[in-house]
Amino acid sequence: MSELLLGIDVGTSGCKITVIDQQGRVVDEGFGEYETLHPHPGHSEQNPEDWYCVVCELLRAMFARGKCKAENIAALSLDGSTHNAVLADAKFTPLRPAIMWTDQRSTAQATRLEEQAGKLIFETTYQRPSPTWTLPQVLWIKEHEPDLLDRTVHVLFTKDYVRYRLTGTWETDHIEAQGSLFYDMDRRAWSEELCELAGLPVACLPPLVNPTDVVGTVSSTAAKETGLKEGTPVVAGCSDSAVEDYAAGAIEPGQMILKLATAGNVNVMTGEPHPHPKTLTYSHVIPGMWYTVVATNTAASAERWFRDLFCGEEVALAKKQDKSVYALMHELAADIPPGADGLFFHPYLLGERAPYWDPNLRGSFVGATMRHGKAHFIRALLEGVAYSLRDCFRTIEDMALSVGEIRLIGGGAKSTLWSQIISDIFARPVVRPAGCDASFGAALLAGVGVKLFANEAEAVRQCTRTRDVIEPNAETAETYAKLFPLYCRIHNNLAGMYTELASQK
């Protein structure tokens, strides 16, 4: 009997698949990475075919393990990092690598859009243009690769391209569409006026559906490539940010999500939209709800960067001991006192979104002395990302949004040390949900789509559980409260210098 649900998360750095039963118990899961290309400074691209190939590899490996059978999967759904457009021809063949949301090449285009059409864009989309969004990216292509844009017939977003390969259908959900800057929030439709700003015919954009709509079934070709059963229902899904908040149990106004993943998010659930120039505003998976996002570009990806550049010894030791390299790094950091003996890290390795919206910002370690060792730098990095999230939270405080419970999610939340640092810097208890990543949430949407759950909220109540609650240490929280203003002042003093550096290109 078909009783299992499959979620596929096509994330920024890799793909995660999760199969759950109807009580939310994880039956099997898998993860695989794909390459991000950086052909020029500030550029960040991925090949769409890589996404699908990794999905196929993960599914075939999962079925080979034998923990679940394809015929027992009642439905599947997908999510993915948003903003990333696949420009395709009439046969849905990608014409170029997808420009990723972390790409900064469209800085000039975003600035020009703000100057020339900022009011229109904000009133229509509830967002301000920045290089993160699809609209400036497409405008860059129009100006630098005009022949390619002329050949574009279909635009697909990350998860939608993978779903197309599974089903042969073409659509996107309303939440994903909101991440493009081509979407009219009030009309719940594509905006021809905004499409004209980029020279993109509105007919190139996909039909709009709801996240829990069944949009197709697994094709015979996809069944052979993945091991899935032909005819398995496929549910639309939505953006990774929306489905993560949902899966983590943030389904009531006033709940706040802190996310430690590739990027870092501060997401506050609300009963109505609160557009603000320094935030992002999205619909929630729960119909009628919204959430406000304040996001930093670099969070756990900063730790991965540091690992790759400076932790070769720990990588080798982790392989020898069959341990996580991050666990070894955190063991080192745990021996360093809060504040890292005066060493600060600012995680602006890809410029910055909130709260500064400054693509010229750069990462920095400040305060290094001869007494500081590798462990200090690791501790400072963990604290710097946490400070950055606290910096984002200042915008939420300025907006006077009500915040009750804080829930911590993302790969970084697996670390007890990092979670404790977060709790101490925010000086509040932090709930860590169990099994609540994006692929888990996508699996829940699959169940809602085929009516195995009564509705979106019931799926969460039935399946989402709490791992633990991290309480702040009063003494450490006081230390961080004294250091946080200094963290902010360092940014303020260096920001102008980074603008000068950017002008020297």
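Helix α1 (residues 48-65) has 18 residues, which at 1.5 Å a residue should span 26 Å, and its end C-alpha atoms sit 27 Å apart, which agrees. The expected span is 1.5 Å times one less than the number of residues. Helices (H or I, at least four residues) and strands (E, at least two) are DSSP runs numbered from the N terminus. The model is predicted, with pLDDT of at least 70 needed for local features and 80 or more for side-chain atom pairs, while totals for chains, interfaces and linings use all residues. Residues are numbered from 1 along each chain as its sequence is written, and side-chain values use heavy atoms, with hydrogens and water left out.

Back to α1: its buried residues include W51, Y52, L58, L59 and F63. Buried means under 20% relative accessible area, exposed over 50%, and partly exposed in between (1.4 Å probe, protein chains only). Just after α1, G66 takes a positive phi of about 85 degrees.

Next, a helix pair. The axes of α9 (residues 240-247) and α15 (residues 438-449) come within 8 Å and cross at roughly 80 degrees; axes are lines fitted to C-alpha atoms, for helices over the stretch in contact, with angles from 0 to 180 degrees between N-to-C directions. The two helices, α9 and α15, are therefore roughly perpendicular, a label for 65 to 115 degrees (under 35 is roughly parallel, over 145 roughly antiparallel, the rest oblique). On the α9 side, D240, V243, E244, Y246 and A247 meet α15 residues including F440, L444 and V448, where contact means heavy atoms within 4.5 Å.

Y246 and L444 turn up again in the largest nonpolar core, which has 68 residues; they are among those with the most contacts inside it, as are L5, V155, F182 and L200. Such a core is a set of buried Ala, Val, Leu, Ile, Met, Phe, Trp, Tyr and Cys residues joined through side-chain atoms within 4.5 Å. The largest share of this core, 7 residues, comes from α15. Beyond four places in sequence, L5 is in contact with residues including V19, I20, A443 and F453. Apart from that core lies another, of 57 residues, among them V325 and M329.

Most residues other than glycine have a negative phi, and most peptide bonds are trans. H83 has a positive phi of about 80 degrees and is buried, at 4% relative accessible area, in the loop between β5 (73-80) and β6 (85-88). D341 has a positive phi near 55 degrees and is partly exposed at 28%. A354 and P355 are joined by a cis peptide bond, with omega about -5 degrees.
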